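Have a look at the fold before reading on.

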Amino acid sequence: MTKKIFTFCLLLLSGIIARAQDTEEYIAEHAEYAQGLMHDHKIPASVILAVAIHESGAGNSKIAQHLNNHFGVKGPNNNAEIRSSYRDYLNADESYSHFVEIMETREPFNNLFAKYDQYDYKGWTYGIRRCGYASSRSWASQVIGLIKKYELYQYDERPEGYEEPVYATPVRHRTRSRRTKTYTVKSGDNLSIIAKKKGTTVKKLMQKNGIKKANLKPGQKIKF
């Protein structure tokens, strides 16, 4: 292996290791400011941090790098380096403050303050999702997953003995396939008799079975 290739491999490896530490470093860099916002506005610091981590890739996204946009907020920008529909900020702190401002001043987000306290990160996360902050149904569970993985709730300064509210995990509705029910025509049956037996109408039976004439044969299968 040549010296150049060896050096390149070392740089690549160090880059991978550094990347694995990005989220931890990001939290260390922004936790204090998030806590300050929590003290002033009563939104859990864990939620502020987790949403920022999720939306900015722990500060690695293009809009975070070039626009200081850590929350995926759309709007005009004056940046010439990238073309983007996301707004720009002077620094990360301004982006954090604007996220809290959105929560406080825009409906229906501003209704969340009366529902949840600064310690209820699950309630806030589900509430923000329901208010339309993200279109993905898994957004809330992903944000909550970050809070648990990095133990961000430690920044919420929960009082001793605080009991975390229990929320049912949203379940995706599955479309149940209905079994097609059939009736075997017997001698002497007609559509009127079958409709009466099965609690439906002759018209519906004809439509469902593609029948144009009312003549039936014994042994014929009729869907209902």
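Helices (H or I, at least four residues) and strands (E, at least two) are taken here as DSSP runs, numbered from the N terminus. On that basis the protein chain has nine helices and two strands, and along the sequence they come in the order α-α-α-α-α-α-α-β-α-α-β. Keep in mind that this is a predicted model, where local features need pLDDT of at least 70, side-chain atom pairs count only at pLDDT 80 or more, and totals for chains, interfaces and linings use all residues. Residues are numbered from 1 along each chain as its sequence is written, and side-chain values use heavy atoms, with hydrogens and water left out.

**The chain overall**

A residue is called buried under 20% relative accessible area, exposed over 50%, and partly exposed in between (1.4 Å probe, protein chains only). Buried residues account for 36% of the 224 residues in the protein chain. The accessible surface, computed with the Shrake-Rupley method and a 1.4 Å probe, is about 15000 Å², and 50% of that belongs to carbon and sulfur atoms. Contact means heavy atoms within 4.5 Å. Of the contacts between residues at least 6 apart in sequence, 53% join residues at least 24 apart.

How many of the 10 residues of H6 are buried? Nine of them are, so H6 is largely enclosed by the rest of the structure. The buried set is Tyr121, Lys122, Gly123, Trp124, Thr125, Tyr126, Gly127, Ile128 and Arg129. Their cover includes helix H3 (45–56), helix H5 (92–105) and H7. After H6 comes Gly132, which has a positive phi near 100°.

Two packed helices are described by the angle between their axes and the distance between the axes. The axes are lines fitted to C-alpha atoms, for helices over the stretch in contact, and angles run from 0 to 180 degrees between N-to-C directions. Here are the two pairs:

| Pair | Angle | Axis distance |
|---|---|---|
| H6 (residues 121–130) and H7 (residues 139–149) | about 150° | 9 Å |
| H3 and H7 | about 115° | 9 Å |

To put words on those angles: under 35 degrees counts as roughly parallel, over 145 as roughly antiparallel, 65 to 115 as roughly perpendicular and the rest as oblique. H6 and H7 are therefore roughly antiparallel to each other, while H3 and H7 are roughly perpendicular.

As for handedness, a crossing is left-handed if the near helix is turned anticlockwise from the far one by less than a right angle, and right-handed if clockwise. The crossing of H6 and H7 is right-handed.

On the H6 side, Tyr121, Lys122, Thr125, Tyr126, Ile128 and Arg129 meet Trp139, Ala140, Val143, Ile144, Ile147 and Lys148 of H7. Sorted by class, this contact has eight nonpolar, one polar and three charged residues. For that sorting, Ala, Val, Leu, Ile, Met, Phe, Trp, Tyr, Cys and Pro count as nonpolar, Asp, Glu, Lys and Arg as charged, and the others, Gly among them, as polar.

H3 and H7 also have a right-handed crossing. H3 brings Ser46, Val47, Ala50, Val51, Ile53, His54 and Glu55 to the contact, and H7 brings Trp139, Gln142, Val143, Leu146 and Ile147.

His30 sits in helix H2 (residues 22–41) and counts as buried, at 5% relative accessibility. Leaving aside neighbours within four places in sequence, His30 touches Leu49, His70, Ala92 and Tyr96.

Asn69 lies in the loop between H4 and H5 and is buried, with a relative accessible area of 0%. With neighbours within four places again left out, Asn69 is in contact with Ser56, Ile63, Ala64, Tyr86, Arg87, Tyr89 and Ser95.

Most residues other than glycine have a negative phi, and most peptide bonds are trans. Ala58 is not a glycine, yet its phi is positive, about 60°. Ala58 belongs to the loop between H3 and helix H4 (62–67) and is buried at 8% relative accessibility. Glu157 has a positive phi too, near 55°; Glu157 is in the loop between H7 and strand E1 (182–184) and is partly exposed, with a relative accessible area of 40%.

Which peptide bond is cis? The one from Glu107 to Pro108, with omega near 0°. Pro108 is in the loop between H5 and H6.
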